[in-house]
Amino acid sequence: MNNTVSTSGVLWATCALTGGHGYFSGTDLLTGQEIISIDLGPMMTPEGFAVNKNNTIAWITDSLNDQIIIVDLVTQTVTGSVTTISAEGGLITPFQVALSPDETRLYVTGDVTETLEIIDTVNNLRLPGIALPGHARGVTVSPDGKTVYVALYSTDQIGIIDVESALVTDALFVGRSPMDIVLSKEGTTLYVANQDGNSIAAVDTATKEIKHIVLDDSPRALALSASELYLYVGMFASGVYTVDLASAEVIDSVQLLFSVSSVGVSPDDSSVYAMAYEADGPQPTPVMVMDSPTVKITGMLSINGIGRYMQVTA
């Protein structure tokens, strides 16, 4: 297949290399060529990450060593790290992160903690965390930076956190095992992938009204189109669905040869990307390129190593 796409943007991915090294890469979507390649070091398991607006800094979770790795994307070097191990030695196994709009705070969820961890990205310091009513996975921040949303997969809820008071102000039942979440540009609608509930929950963040879009499979990953007309859903079994948000119906789908770990959309809305789940195939990890919104396969990119997580930026 052709591995080039007529769009701008960068596809970022965390991977695990043979021998236990962590790896972070950036692929130019215009040429399909890898332009960033950073060996994060030995004995690491990189997972979720955040990239700043200028594509110059990345914060990457290392679940094996309970730390956040800080990477300079200009020099392609690791510049530091922040531990997520408590003073008492408690682990959190960091997995997903969200960067505040002003890029001064990084919010971190962990698989073995009921705390939302907070990193001061200016001084690279761990701040006091916020107690949660369950274990969280997906996390995102409102456009004004005042509210953080977390997917509480252990309690089937979405936690709503007021940043100023550092308190959970509400927890809404959305469906079984909410995992990935994505927020509309204006922060008015939160979309939730209910992995064990075979549904997407659309939450009105003002009224807290919840509407469900029923699926025939387990959703694992979400990506919202730039136009916000479509929601792309990576499925646990295999495949990608296109949900038309006006009708709240699946209008297109494609079956893939692998389970999907994450999905992304090009900045110009022309292409959709789906990366294989790390347990489902040999190295390198395939990323399928699809037309938007038909999800017709148009090409394939290859990511070095065993893919963990992927996202697309401008």
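What follows is a chat about a predicted model.

Trainee: Let's start with the sheet that holds E12. How many strands form it, and in what order?
Mentor: Four strands, in the order E12-E13-E14-E15, and they make an open sheet with antiparallel pairing.

Trainee: Which strands sit at the edges?
Mentor: Strand E12 (136-141) and strand E15 (167-173), each of which pairs on one side only. On average, neighbouring strands of this sheet are turned by 20° against each other, direction ignored.

Trainee: And how many bridges join E14 and E15?
Mentor: Six bridges, in the antiparallel sense, with E14 covering residues 157-162. To find your way there, look for Ile158, which stands opposite Leu172 in E15.

Trainee: Switching to aromatics: how many aromatic pairs are there?
Mentor: The structure holds three. One of them is Trp12 with Phe24, a stacked pair at 5.6 Å centre to centre with 5° between the planes.

Trainee: Which strands does that pair tie together?
Mentor: Trp12 lies in strand E1 (residues 10-16) and Phe24 in strand E2 (residues 22-28), so the pair links parts that are 12 residues apart in sequence.

Trainee: What about Phe24 and Phe49, stacked or edge-to-face?
Mentor: Edge-to-face, with 5.0 Å centre to centre and 80° between the planes. Phe49 belongs to strand E4 (residues 46-51), so this pair ties Phe24 to a part 25 residues away in sequence.

Trainee: Nice. Where is Glu103?
Mentor: Glu103 sits in the loop between strand E8 (94-99) and strand E9 (105-110).

Trainee: What does Glu103 touch?
Mentor: Asn52, Lys53 and Thr121, not counting residues up to four places away in sequence. A polar atom of the Glu103 side chain lies 2.8 Å from the backbone nitrogen of Lys53.

Trainee: Last topic: how many residues are in the largest nonpolar core?
Mentor: The largest nonpolar core has 17 residues, and those with the most contacts inside it include Val240, Leu256 and Met290. Among the elements giving two or more residues to this core are strand E20 (219-224) and strand E26 (285-291).

Trainee: What is Val240 in contact with?
Mentor: Leaving aside neighbours within four places in sequence, the contacts of Val240 include Val233, Asp252, Leu256, Ala274 and Val295.

Definitions and conventions. Residues are numbered from 1 along each chain as its sequence is written. This is a predicted model: local features need pLDDT of at least 70, side-chain atom pairs count only at pLDDT 80 or more; totals for chains, interfaces and linings use all residues. Side-chain values use heavy atoms; hydrogens and water are left out. Two strands pair if DSSP finds at least two bridges between them. Axes are lines fitted to C-alpha atoms, for helices over the stretch in contact, and angles run from 0 to 180 degrees between N-to-C directions. A nonpolar core is a set of buried Ala, Val, Leu, Ile, Met, Phe, Trp, Tyr and Cys residues joined through side-chain atoms within 4.5 Å. Buried means under 20% relative accessible area, exposed over 50%, partly exposed in between (1.4 Å probe, protein chains only). Contact means heavy atoms within 4.5 Å. A polar contact is a pair of N or O atoms within 3.5 Å; within protein, one must be able to donate a hydrogen and the other to accept it, and residues adjacent in sequence count only if both atoms are side-chain atoms. Rings of Phe, Tyr and Trp (its six-membered ring) pair if their centres lie within 6.5 Å; planes under 30 degrees apart count as stacked, over 60 as edge-to-face and the rest as tilted.
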